[in-house]
Amino acid sequence: IKDMALYHNPRIVTSGLVVLVDPSDTSSWDGSSSTINDLAQGLSLTKGANTVAVTSDGHTVFGASATSGVIDTGYRYGTTSDTVVDSAGSWTINGWMFKSENPNNWWHVYTDGNSGDILTVYNSSPYNFRTSMNNAGGNGTFTTGADITDYGAGWGDLSNGWQNITLVYDQPGSQLQLYINTVAQGWHTGRTINTGFKLRNFYGWGSAQGSYHTDADHSHTTIYSRVLSQDEITQNYKSLKTRFGL
């Protein structure tokens with residue numbers, strides 16, 4: 001049995017790493033299979049039907065085969081009863097997304113597939129990053145605190161090219177913070193997420209939808225079961241920025 005941990009970039013932070021998906025690594029994805037392999041602990045994720053391989057600077061990345069209509073982008077782990085990480089504790093998720101256009105639908109970047117949308121890009125100028133948690137029956141809610149409609153810099157503020165997006169949930173501190181290319185956008189305090197809320201869908205709603213898909217190309221993505229520090233977020237960024245032309 002292969003030690004999956006040997007396959008990730010050795011320069012990234014590994015403490016607390018629970019998921020690593022990298023489409024440029026054939027151990028993670030062969031470019032066509034409906035199954036994507038996590039390189040941290042060997043989880044098997046399901047690719048959305050409209051997620052395809054595209055090439056960026058000589059590397060394979062995930063793209064969308066359509067950008068309008070009822071399409072299914074991204075990838076997910078299990079069903080809505082399954083969990084990569086839940087919100088009984090802290091977590092950090094980091095992913096690389098390519099900016100070439102602004103969204104014409106609600107881009108669901110990170111979600112549980114049950115209307116607990118921990119990070120979306122709104123489909124109207126300035127295309128803010130948002131958190132929209134609105135399913136009490138499915139744990140997709142804050143127990144305290146309102147939805148977040150503005151994290152600071154929005155997608156529309158970013159230049160064209162690869163962008164590194166990190167969302168941190170500090171559970172003891174009841175707060176969320178977004179980092180864009182290592183730049184902190186400010187804490188949103190007083191937000192405690194329902195402990196049953198899980199991260200399991202990435203770059204799409206989790207099924208074919210007319211308005212909840214993510215059209216942007218995306219690539220290397222990691223999830224941690226703890227808060228990453230500013231220095232650790234910077235370490236991850238520096239370890240991969242050359243690959244993404246930065």
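## A cross-strand pair

Tyr 110 stands opposite Leu 119, a residue of strand 10, in what is a predicted model.

## Strand 9 and its partners

Strand 9 is joined to strand 10, which spans residues 116–121, by 3 bridges, and the two strands run antiparallel. Together, strand 9 and strand 10 make a hairpin in which 4 residues lie between them, and within that turn Gly 113 adopts a positive phi of about 75°.

A further partner of strand 9 is strand 18, made up of residues 201–202, to which strand 9 is linked by 2 bridges, again in an antiparallel arrangement. In this pairing, Thr 111 is the residue that stands opposite Asn 201 of strand 18.

Lys 99 belongs to strand 8, which runs over residues 91–99. Is this lysine, Lys 99, buried or exposed? Its relative accessibility is 5%, and because buried means under 20% relative accessible area, Lys 99 counts as buried.

When residues up to four places away in sequence are left out, Lys 99 touches Trp 155, Gly 156, Leu 158, Ser 159, Asn 160, Gly 161 and Gln 163. Gln 177, by contrast, lies 78 residues from Lys 99 along the chain, and the C-alpha atoms of these two residues are separated by 21 Å.

## The chain as a whole

The secondary structure of the chain consists of 1 helix and 19 strands. The radius of gyration is 16 Å, close to the 18 Å that the globule rule gives for 246 residues, so the chain is as compact as a globular protein of that length.

Of the 246 residues in the chain, 53% are buried. Where contacts join residues at least 6 apart in sequence, 66% of them are between residues at least 24 apart.

## Surface and charge

The chain exposes about 9400 Å², and 44% of that area is supplied by carbon and sulfur atoms. As for charged side chains, the chain carries 13 positive and 20 negative ones, and the centres of these two sets lie 3 Å apart.

Technical notes:
Residues numbered from 1 in each chain as written. Predicted model: local features only at pLDDT ≥ 70, side-chain atom pairs only at ≥ 80, totals over all residues. Heavy atoms only, no water. Rg over C-alpha atoms; globule rule 2.2 N^0.38 Å. Buried < 20%, exposed > 50% of the residue type's maximum accessible area, 1.4 Å probe, protein only. Contact = heavy atoms within 4.5 Å. Areas by Shrake-Rupley, 256 points an atom, 1.4 Å probe, with all protein chains shown as cover. Lys, Arg positive; Asp, Glu negative; His and termini not counted. Charge placed at Lys NZ, Arg CZ, Asp CG, Glu CD. Pairing = 2+ DSSP bridges.
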